[in-house]
2 protein chains.
Amino acid sequence: MRAHRVPDVLISVTALVLIGGSGRGEEAPAPPNFVVVFADDLGYGDLGSFGHPVIRTPNLDQLAAEGQRWTSFYVASSVCTPSRAALLTGRYPVRSGMTSTRRRVLFPDSGGGLPSSEVTIAEALAPAGYVSGAFGKWHLGHLPRFLPTRQGFVTYWGIPYSNDMDFERGPDYRQQTQTDARFQADPVHYRVPILADEREIERPADQHTITRRYTEKALDFIRAHRDRPFFLYLAHSMVHIPLFASRDFVGRSPAGIYGDAVREIDWSVGRIVDLLRELGLHRHTLVVFTSDNGPWREFATHGGSAGPLRGGKGDTFEGGVREPTIFWGPGIVSPRVVREMGSTLDLLPTLCALAGVDPPRDRMLDGHDLGPVLGGEERSPREEMFFYRGEEIYAVRVGPWKAHFVTRSGYGPDAPVAHDPPLLYQLEEDPSERIDVGARHPEVIARIRDRVAAHRRTLVPVPNQLEIPLPR
Amino acid sequence: MRAHRVPDVLISVTALVLIGGSGRGEEAPAPPNFVVVFADDLGYGDLGSFGHPVIRTPNLDQLAAEGQRWTSFYVASSVCTPSRAALLTGRYPVRSGMTSTRRRVLFPDSGGGLPSSEVTIAEALAPAGYVSGAFGKWHLGHLPRFLPTRQGFVTYWGIPYSNDMDFERGPDYRQQTQTDARFQADPVHYRVPILADEREIERPADQHTITRRYTEKALDFIRAHRDRPFFLYLAHSMVHIPLFASRDFVGRSPAGIYGDAVREIDWSVGRIVDLLRELGLHRHTLVVFTSDNGPWREFATHGGSAGPLRGGKGDTFEGGVREPTIFWGPGIVSPRVVREMGSTLDLLPTLCALAGVDPPRDRMLDGHDLGPVLGGEERSPREEMFFYRGEEIYAVRVGPWKAHFVTRSGYGPDAPVAHDPPLLYQLEEDPSERIDVGARHPEVIARIRDRVAAHRRTLVPVPNQLEIPLPR
């Protein structure tokens, strides 16, 4: 087995806890490594194991078969910036000021970012001797004081915001994708930079090779830190438009460039797992795969599929917020399909518990420790999920019931529509949100209103980070 | 190994062919058994292995993992009677008179049925010594001269037409399902009979236990004919409304009675495979699972899900005609996901080839031998598929392209809409049929028109069986 270099005091504390708990004197097991792979704009229906009829994802499907495939796993926002803030902090983004109704995400002209007072997974794991690396899209503030290197990560390599920002000139991507499914974006039109730690090293980023390069950096990070517990956060910028794939992948999928880009992400996951096996770390590493929000369907064949779910990126229907999620780790994850609820909000508490460290105690957390479910327990501790648009609660799921107080299409000109009483769907019988049963279940609606009121009481006003302009 | 009792002359002929072909003197292998399980109104998205987020189908998923999961497998009609005629004859139903634009299926007041001049799979396999049994829903004519026992099957047990026909009285099922997802049908309102061979033995059929009873009859058939090659055609009447499940299954699925009924079909498949293993027949039996048409979405939670596909039962979009299909047989089927086209039209030629008998040579067949694909070949021989509504061609798939010349919702009051030029979808990039690319691909449309013209030249007028009234 591998030996972790962990501060002695920590080993002693953990060992004491174990001795106390089991009455036996085993040595403390080394805490596991964590790999979180976060795709961008990938739809619920875009993996083979989640029912895509065309796109092949053999590596991810293999992990799903050997681990846990979660069919009701949620992000905390259906757009990028708030979803990422929620994953890394275990808190609804309204608590960190990382969500806004007016400006839904951060832009190159934004001056805000994830406040340094927030505790990221990387920071929470540090006391247990973890080293953390971030690769790929950040989108939690591009000014130096907001970068990963200031949020607990020892290294970073990637793009600071979305790959379609800093659009310069050339044909209108959206117009082209509507009419030509084989349109391939010209990278020169996009001027997003690549940062290494805090330094701009390339502009515009060559996005053709970006998935491959993120992967190589991630593999280097694993090799470099094989002897201590690590947290690898690999946030691919694909399959957010404009779409690109490396030369080896372009034209390989019959589903076009979207399929090519998904396949390259699948390849990337396969390479990481291969390396974990090669280094003997596979029995001691938890790999999590999910995405930041649903598919951007407005981009036609350059957007993904929510499969059977209604809606997509930007809205609060299931297609916007339910993500194809896989937990894998032969020594940690008991194989099965999990139909109970989970969320990216739960990653921080789950990883902390597996690492044997306390999550932050001085603030409201919205996550639950999913460790027992990973180990084989039937019931998930997550019983409710609030779906925000900006600072407003649009929808709530409690058990199988989902109430929509406000609905609005993800993108497009239409205004919000308020519903009183709310629309009510029973998601286990009606996963596609087609049949409003609110009129027959006023008691459910009353119960959900109580949950919303209780949740609202936990909120405290904070400065909105997404509306802060760049300092001049 | 088991010994089949096959006429000596056949063994000699097959042996000679093998000797001639291979130059070696092996004994002819016994022809394999065939089990075709045909669900009713099951949607493309209704199995776990095809992406359903709630319904559990562990037995079918296991077969899918051990065998072939086909993601582009089509029926020849999106309603019941013509779809069944196509499966059993390997011919578009327009060739047998088993499709009608005015009356889409057979009813209790129909006097027609599958003409005795048609050759069913059961009849085609008979020369190789096969014994065939039919269990479940027939729907190819309920007058004695059209029953399974007159079409090559030695035995039959099931209902002669749909389980919602002979509706007598009581609440309007459709109205109730719209408002109460947990509505359970009262079997007394449905007066469909059960026939044993050609004799009515029960009326109304107790539909609560019907899936279990079909299964028991099928198991008895396998036990009785374990020593010779058999063809078992098990056509479940679930999950066609009204929905029922046995006591062991009611309330078991969080997806309601629809999920319960799917789970009982899954159980049924599991029992059949268990028995095949128990009798040592599993290495010598091909099991095929599919459904007759897409989900009847008008029945809300009592209808299924087409997953990512557009449309459903009764229409010619993918949701109406593409079915969740599994081929399993450890000695016959090479495990993989098959994304190429196949069809129920191909079953007759495929089973004939595996059995070593000629399909009928005196008539136009529309099927291809899928045996090479089952054995591991990449390319399917099926390159095109015509989608009829009644006697009219509404849509055509050629390779990845699908042209819609006419569209119309499956049920409901709206009239057919003609498209000239046709709508054109590229199904590999756009499996949900969202983006009409016809304007950019006139050459594809021209090619498809040629295929339609060539197909039309093979049609000859026949009497329409669905419009014949009951003799008085």
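The model is predicted, and local features need pLDDT of at least 70, side-chain atom pairs count only at pLDDT 80 or more, and totals for chains, interfaces and linings use all residues. Residues are numbered from 1 along each chain as its sequence is written, chains are lettered from A and ligands numbered from 1 in the order in which they are written, and side-chain values use heavy atoms, with hydrogens and water left out.

Colleague: What area is buried between chain A and chain B, and which three residues of chain A supply more of its share than any other three?

Modeller: Buried area is the accessible area (1.4 Å probe) that two parts lose on being put together, summed over both. Between chain A and chain B this comes to about 3,100 Å², with 49% given by carbon and sulfur atoms. On the chain A side, 22% of the area buried against chain B comes from three residues, more than from any other three: Pro53(A), Arg339(A) and Glu429(A).

Colleague: Why do the buried residues of helix 2 of chain B line one face of the helix?

Modeller: Helices (H or I, at least four residues) and strands (E, at least two) are DSSP runs, numbered from the N terminus, and buried means under 20% relative accessible area, exposed over 50%, partly exposed in between (1.4 Å probe, protein chains only). In helix 2 (residues 58-66) of chain B, the buried residues are Leu60(B), Leu63(B) and Ala64(B). Taking the directions from the helix axis to the C-beta atoms, they line one face because they fall within an arc of 100 degrees.

Colleague: What does helix 2 of chain B pack its buried residues against?

Modeller: The partners of these buried residues belong to chain B as well. They are strand 2 (68-74), helix 7 (256-278), strand 8 (285-291) and strand 9 (322-328).

Colleague: Which backbone oxygen does the side chain of Ser380(B) reach?

Modeller: Ser380(B) sits in the loop between helix 10 (371-375) and strand 11 (384-389) of chain B. With 6% relative accessibility, Ser380(B) is buried. Its contacts, leaving out residues up to four places away in sequence, are Glu340(B), Met341(B), Leu370(B) and Val373(B). The side chain reaches, at 2.6 Å, the backbone oxygen of Met341(B).

Colleague: How far apart along helix 6 of chain A are Asp220(A) and Arg223(A)?

Modeller: The side chains of Asp220(A) and Arg223(A) form a salt bridge at 3.1 Å, N to O. Asp220(A) is partly exposed at 44% relative accessibility, and Arg223(A) is partly exposed at 38%. Within helix 6 (residues 210-224) they are three residues apart, which means a separation of about one helical turn.

Colleague: Are Arg84(B) and Asp292(B) buried or exposed?

Modeller: The two form a salt bridge, with the closest N and O atoms 3.0 Å apart. This pair links distant parts of the chain, 208 residues apart, with Arg84(B) in helix 3 (residues 80-89) and Asp292(B) in the loop between strand 8 and helix 8 (318-321). Arg84(B) has 0% relative accessibility and Asp292(B) has 0%, so each counts as buried.

Colleague: Which residues of chain A does Glu428(B) touch?

Modeller: Glu428(B) lies in the loop between strand 14 (417-426) and helix 11 (442-456) of chain B, and is partly exposed at 23% relative accessible area. Not counting residues up to four places away in sequence, Glu428(B) touches Arg397(B) and Pro400(B) in chain B. From chain A, the residues touched are Val54(A), Pro254(A) and Ala255(A).

How values were computed
Contact means heavy atoms within 4.5 Å. A polar contact is a pair of N or O atoms within 3.5 Å; within protein, one must be able to donate a hydrogen and the other to accept it, and residues adjacent in sequence count only if both atoms are side-chain atoms. A salt bridge is a side-chain nitrogen of Lys or Arg within 4 Å of a carboxyl oxygen of Asp or Glu.
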